[in-house]
Amino acid sequence: MLGEFDFHLLQVQYIKAAMDQLPTFAPLGMTPAQMQAEYDAAVTLRTSFQGKIAARNLARGEMYEKMADGHQTAIGVYGVMKTRYRKDPGALEAILKLPTQDRTVEDTTIRMEAMSALWGQLPLDPNVTPPAQLIPWPGLTKAVFDAKLSTLKAAQGLFVAADEDYEMEQGDLHAKDAHLADLAVAALAEGRAQFVTGTPQREVIDSIPTTPASQAPNKAVITVATSPGAGQAHLEFNALHGTSFDVLHKGPGETEFTTVANDIIETVYNASGLAPGNHEYKVIGQNSRGNGPESEISIIAVA
């Protein structure tokens, strides 16, 4: 889903760049600012959707963790019940009728509910003095068991809520994806109609990608890395199959690279106001299939 969405997002990014270069290119009567707003809204929705995915996965993990704990506890309690009431035919018959096959959260919940209901009605444990309500092992009272059941139900409820949020956001993402796809088709059609084949303007329009990438980008290559003036750096780069790029920088005295240009479609990067010293750069190519390998590090001596 996100692969297709990212491709249409990339198309809008290229269309906006074409509008910046060609002042008379106004697909659907839109301004560059309006096209940028379309892009920004789509990015915001994508980020929100990723958040819903993360929340759903976390809730699912918590739910299955509680299920595993409840399942294992129920197995132990069942075994102890059969041992403690082995000489009480009536109690033993009821114990043997408890559900013991639980492969889903719902199954485990039903199993624990049935066990809790029976536990409260069993005769006092005859193996302890004085006889008292069954405590299978130290620390596991019926109240503790019921708390585990309640925790499982709560975790299930949180997962259901997170799953519903995810499904709703996915629907919004599908709608936005269809909108972006239609926008790209219309913009390309208008650009081809407006500018004649062979003209510089048509070359700009034809640079807008029309099909998703078939593979991730190759390793990025920095072809030019110079300092054209004091405090300045200039990079030129590319990557086969790359449609956008991240540029990372590490300045004098720094220990980690930081991203200084994110998801840009230009293959040129310029920086100014840099401190004197050696500045290291590397580039990562991207497309709708993902990221390619990082380039080799280029070092620019800045005066």
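This is a predicted model: local features need pLDDT of at least 70, side-chain atom pairs count only at pLDDT 80 or more; totals for chains, interfaces and linings use all residues.
Me: Which helices and strands make up the protein chain, and in what order do they run?
Reply: The protein chain comes to six helices and eight strands, where helices (H or I, at least four residues) and strands (E, at least two) are DSSP runs numbered from the N terminus. From that terminus on, the elements run α-α-α-α-α-α-β-β-β-β-β-β-β-β.

Me: How does the radius of gyration of the protein chain stand against that of a compact globule?
Reply: A compact globule of 303 residues would have a radius of gyration near 19 Å, but the protein chain has 31 Å; the radius is taken over C-alpha atoms, and the globule rule is 2.2 Å times the number of residues to the power 0.38. Along its principal axes the C-alpha trace spans about 95 × 50 × 30 Å, and the C-alpha atoms of Ala-37 and Gln-133, 96 residues apart along the chain, are separated by 66 Å.

Me: Why are helix 1 and helix 2 called roughly antiparallel?
Reply: Helix 1 (residues 2-21) and helix 2 (residues 32-84) pack at an angle of about 160 degrees, with their axes 9 Å apart. Axes are lines fitted to C-alpha atoms, for helices over the stretch in contact, and angles run from 0 to 180 degrees between N-to-C directions. Angles under 35 degrees count as roughly parallel, over 145 as roughly antiparallel, 65 to 115 as roughly perpendicular and the rest as oblique, and helix 1 and helix 2 are therefore roughly antiparallel to each other. Among the residues that meet are Leu-2, Phe-5 and Leu-9 in helix 1, with Met-35, Tyr-39 and Phe-49 in helix 2, contact meaning heavy atoms within 4.5 Å. The residues of this contact divide into 12 nonpolar, three polar and four charged, where Ala, Val, Leu, Ile, Met, Phe, Trp, Tyr, Cys and Pro count as nonpolar, Asp, Glu, Lys and Arg as charged, and the others, Gly among them, as polar.

Me: What makes helix 2 oblique to helix 4?
Reply: Helix 2 and helix 4 pack at an angle of about 40 degrees, with their axes 10 Å apart, and that makes helix 2 oblique to helix 4. The contact has 12 nonpolar, three polar and one charged residues.

Me: How do you know that helix 4 and helix 5 are roughly antiparallel?
Reply: Helix 4 and helix 5 (residues 142-194) pack at an angle of about 155 degrees, with their axes 10 Å apart, and they are therefore roughly antiparallel to each other. The residues of their contact divide into seven nonpolar, four polar and six charged.

Me: Is Ser-116 buried or exposed, and how do you know?
Reply: Ser-116, whose place is in helix 4 (residues 105-119), has 10% relative accessibility and so counts as buried, since buried means under 20% relative accessible area, exposed over 50% and partly exposed in between (1.4 Å probe, protein chains only). Not counting residues up to four places away in sequence, Ser-116 touches Lys-142, Phe-145 and Asp-146.

Me: Why is Ala-37 called partly exposed?
Reply: Ala-37, in helix 2, has a relative accessible area of 42% and is therefore partly exposed. Buried residues make up 41% of the 303 residues in the protein chain.

Note on methods: Residues are numbered from 1 along each chain as its sequence is written. Side-chain values use heavy atoms; hydrogens and water are left out.
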